[in-house]
Amino acid sequence: MMVNKSGTQTRDAFLRSDEAARLRAELTVMAKSPEYNTKVPAMIDTDELYFVEKHMKYMSNHLTMNHLQYVSNLRLMTKQNRQR
């Protein structure tokens, strides 16, 4: 089921949606994987939940964006040993 990204959708509705659950699962896999650098250097005691919640909040504040593309871009930007 695709989430309706009209102006009437609320952040809470997005966060309860099937799409958000899939996105959260993808972000959690990234955060737990050593293949991705999801740590925040300025913060000593961050865990994978910080990365996940930070990006879920961002996506819930930007309901009209393409969330799958956003997560795909995060994968590219956080991939370890990527060529610059």
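A: Helices, by definition, are DSSP runs of H or I with at least four residues, and strands are runs of E with at least two. The model is a predicted one. By that definition the protein has four helices and zero strands. From the N terminus on, its elements run α-α-α-α.

Q: Why is the aromatic pair of Y58 and Y70 called stacked?
A: Rings pair if their centres lie within 6.5 Å, and planes under 30 degrees apart count as stacked. The ring centres of Y58 and Y70 are 5.1 Å apart and the planes stand at 15°, so the pair is stacked. A search of the whole structure finds one aromatic pair.

Q: What makes this pair a link between distant parts of the chain?
A: Y58 belongs to helix α3 and Y70 to helix α4, and 12 residues separate them.

Q: Why does Y70 count as buried?
A: Buried means under 20% relative accessible area. Y70 has 17% relative accessibility, so Y70 counts as buried.

Q: Why is Y58 called partly exposed?
A: The class between the buried limit of 20% and the exposed limit of 50% is partly exposed. The relative accessible area of Y58 is 37%, so Y58 is partly exposed.

Q: How do you know which residues make the contact of α3 with α4?
A: Contact means heavy atoms within 4.5 Å. F51, H55, Y58 and M59 of α3 make the contact, together with H67, Y70, V71 and L74 of α4. These residues divide into six nonpolar, two polar and no charged.

Q: What describes the packing of helix α3 and helix α4?
A: Two packed helices are described by the angle between their axes and the distance between the axes. For helix α3 (residues 48-61) and helix α4 (residues 67-78), the angle is about 145° and the axes are 11 Å apart. The crossing of α3 past α4 is right-handed.

Q: What makes M30 buried?
A: The relative accessible area of M30 is 1%, and the limit is under 20%, so M30 is buried. M30 is found in helix α2 (residues 18-32). Leaving out residues up to four places away in sequence, M30 touches Y36, T38, F51, V71, L74, R75 and T78.

Q: How do you know that K79 lies over the face of Y36?
A: The charge of a Lys must have its NZ within 6 Å of the ring centre and within 35 degrees of the ring normal. K79 is at 5.2 Å from the ring centre of Y36 and lies over its face.

Definitions and conventions. Residues numbered from 1 in each chain as written. Predicted model: local features only at pLDDT ≥ 70, side-chain atom pairs only at ≥ 80, totals over all residues. Heavy atoms only, no water. Axes fitted to C-alpha atoms, helices over the stretch in contact; angles between N-to-C directions. Left-handed = near helix turned anticlockwise from the far one by under 90°. Nonpolar A, V, L, I, M, F, W, Y, C, P; charged D, E, K, R; others polar. Phe/Tyr/Trp six-rings, centres within 6.5 Å; stacked < 30°, edge-to-face > 60°. Buried < 20%, exposed > 50% of the residue type's maximum accessible area, 1.4 Å probe, protein only.
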